[in-house]
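Dear colleague,

My notes on what was found in it follow.

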Amino acid sequence: MRVLIVEDEALVAMEIEGMLGLAGHEPIAHADDVLSAVAAAEAEQPDLALVDIQLAQGASGLEVASELKKRGVPVLFATGNCRADRGKGLGLGCLHKPINDRSLAVSIAVADALLSGRPAPAPPPRRDGRPRPAP
């Protein structure tokens, strides 16, 4: 998948870019506010955007998601501020920070399945070996 990263912390964005590349996805651009996210989406036509909810200088990832939705770009929130009611209807779901290779790969696979109309893959078992509860 071609992925737009909307993240205000440059080091976090670079880390996500690396993880996406290792998972076989193409990080196409990095944005840190609404204007740069919209410009990147229009120029690059991403398959998916990973969007932090709380951006610098008062910018909101919710506003970014709303603008990207208008342009047909699906959003997966990637934030430490995941709450059930935030971003409802704007995104496919929420990837909790801190992000690691495994959680990112599984989240992108689920997003891809949802966008393709395929069943989502089963989540991997928890580290203690027990299965995860069904959603």
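What percentage of the 135 residues in the protein do buried residues make up? Buried residues account for 35% of them, where buried means under 20% relative accessible area, exposed means over 50%, and partly exposed lies in between (1.4 Å probe, protein chains only).

Please note that this is a predicted model, in which local features need pLDDT of at least 70 and side-chain atom pairs count only at pLDDT 80 or more, while totals for chains, interfaces and linings use all residues. Residues are numbered from 1 along each chain as its sequence is written, and side-chain values use heavy atoms, with hydrogens and water left out.

Overall architecture

The protein has four helices and five strands; these are DSSP runs numbered from the N terminus, with helices being H or I of at least four residues and strands E of at least two. Their order from the N terminus is β-α-β-α-β-α-β-β-α. Of the contacts (heavy atoms within 4.5 Å) between residues at least 6 apart in sequence, 58% join residues at least 24 apart.

Nonpolar cores

In soluble globular proteins, nonpolar side chains tend to be buried together. A nonpolar core is here a set of buried Ala, Val, Leu, Ile, Met, Phe, Trp, Tyr and Cys residues joined through side-chain atoms within 4.5 Å. The largest such core has 20 residues, of which Leu4, Val6, Ala49, Val51, Val64, Leu68 and Val75 touch the most other members. Two or more residues come from each of E1, E2, helix H2 (34–44), strand E3 (48–51), helix H3 (61–70) and strand E4 (75–79). H2 supplies the largest share, five residues. A second, separate core of 16 residues includes Met1, Ile99, Leu104 and Ala111.

Val75 illustrates the surroundings of one member of the largest core. Apart from neighbours within four places in sequence, Val75 contacts Leu48, Ala49, Val51, Ala65, Leu68, Leu90, Gly91, Leu92 and Gly93.

Ser107 belongs to helix H4 (residues 101–116) and is buried, at 18% relative accessibility. Beyond its neighbours within four places in sequence, Ser107 is in contact with Leu76 and Leu95.

Packing of H2 and H3

The axes of H2 and H3 are 9 Å apart and meet at an angle of about 25°. Axes are lines fitted to C-alpha atoms, for helices over the stretch in contact, and angles run from 0 to 180 degrees between N-to-C directions. Val34, Ala37, Val38 and Ala41 of H2 make the contact with Glu63, Val64, Glu67 and Leu68 of H3.

Salt bridges

There are eight salt bridges in the structure, each defined as a side-chain nitrogen of Lys or Arg within 4 Å of a carboxyl oxygen of Asp or Glu. One of them pairs Glu26 with Arg2, with the closest N and O atoms 3.6 Å apart. Because Glu26 lies in strand E2 (residues 26–31) and Arg2 in strand E1 (residues 2–6), this pair ties together parts that are 24 residues apart in sequence. Both are partly exposed, Glu26 at 41% and Arg2 at 25%.

Arg71 bridges to Glu67 with a closest N and O separation of 2.9 Å, and a network of salt bridges links Glu42, Glu67, Lys70 and Arg71. Asp112 pairs with Arg118 at 3.4 Å between the closest N and O atoms.

Yours sincerely
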